[in-house]
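Okay, everyone, let's get going. I'd like to walk you through the inside of this one, starting with its rings.

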Amino acid sequence: MFKKIIFFISFLSSGFALQAADIDVTKHGAVGDGKTLNTAFIQKAIDECNKSGGGKVIFPAGIYLSATIELKDNVTLYLNRDARLLGTTDIEQYRNLDPFTEGLGIDVGWALLVAVDAKNIGIEGEGAIDGQGAKLKAEHILKDTRPEGQRWGRRPFLIRIVRCNGVKVKNITLNYAAAWTSHYFQSRNIEIENVKIVSIGVAHNDGIGIDGCQDVSIKNCDVVSGDDALVFKTTSSKMGCKNITVTGMRLKSNQAGIKMGTESMAPFEDIKISNCHIYDTKNGGIKLFTVDGAHLRNIEISDITMSEVRTPMLFRLGSRLNVFRKGQDTKQSTGSFENVVIRNVKAKASDSAQLKPPSAILITGVPGHYITNLTLENIEIELLGGGTTENARHIVPEASKNFWANNSCLRCMGQTCKRIETKERYLSDQE
């Protein structure tokens, strides 16, 4: 009897191993010529890999044009060196599997590569995923004549991971998204490592966006982004950002290097960020905002260097109180900002600052709601200076509820922005 049981277990194990198999997309009809639309062929390979127990869906060298493809349980997309997954510029080919509204009130969620409610998935290899953002936009605006502030949300993200568990994104290159580059929403057990991002050319090219995710590790990534490089959001009150470690990042941005908020309904807590370099950043180096009801607490950011950053640090507790998933969420009360430690920061601020005179650190709350237990330790900032007595007496308007109140914006912490006065002009300035 004992021998029979051992044999039966061995047989089951062998059968499972035979089920999991790697699949070459070209065996399902995909053509790497940069012209053939391969959406259906790639999806067929993913579906078959999933049904057979999982494994890798492999892209050999070539350029594979595609629209929205959906990653399934136990499947890793693997792009070999010289393989490129290329997003089509035909915007009508993309699907939106998880619609929501972002911080400026625009409906978004379309994507090239998406996973919803999946487990044990991956995006790996030495190849690249390219969204052709600028070319897609150029074709889009020929058909969509709405103002840019209304139409941009229709353009697809590059990667969207939604309510997934067990996600690995490693060694891949992500280029030129038509909107956000990578968005991880309400997912757990995420590993992002050795990812290179170059995503510029259109507005809203956030690099790595962590939105209400937990148990996350981000290591050794190089991000050049048109918008925030590494940003933590909570667009839903149902799941916060928690138990996150970040280390070894190089971050360049047309907005912020490291940011929390502005979308901020659920907590940001137990987050550690260390050993990062932020450079050539046209807004804040480190920006921590809670303005939609989130509790931002137990955050530690250490061993950061910055060069040519317009405003090194900004901390904001406000009462904008937006809701981003209409019909799924309710407005929050004002949150809190407490127990944050920033230590061992050495920064050289850019002489070209968006605030005049240049400011090194801005800390603002609203009446009745105060930032507490904020520790700044061993901070060295080189700043142009040049302020006057009159500047020192400047009264910053509260602008506690409206993002654009008094021609001011949260990016400029309540002061009248020297670059923009309206939402529409802000969006056009990002082009």
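Phe 100, Phe 157 and Trp 180 make up one aromatic cluster. Rings of Phe, Tyr and Trp (its six-membered ring) pair if their centres lie within 6.5 Å; planes under 30 degrees apart are stacked, over 60 edge-to-face, and the rest tilted. Quick note: this is a predicted model, where local features need pLDDT of at least 70 and side-chain atom pairs pLDDT 80 or more, while totals for chains, interfaces and linings use all residues. Residues are numbered from 1 along each chain as its sequence is written, and side-chain values use heavy atoms, with hydrogens and water left out.

So, how many aromatic pairs are there? The count is 5. In one of them, Phe 59 and Tyr 64 have ring centres 5.4 Å apart and planes at 75°, so that pair is edge-to-face. Phe 100 and Trp 180 are tilted instead, at 5.9 Å centre to centre and 55° between the planes.

Are Phe 100 and Trp 180 buried or exposed? Buried means under 20% relative accessible area, exposed over 50%, and partly exposed in between, using a 1.4 Å probe and protein chains only. Phe 100 is buried at 4%, and Trp 180 is buried at 3%.

Charges turn up over rings too, meaning NZ of Lys or CZ of Arg within 6 Å of the ring centre and within 35 degrees of the ring normal. Arg 325 lies over the face of Phe 185, 3.7 Å from the ring centre. Lys 56 has its charged end over the ring of Tyr 78, 4.6 Å from the centre.
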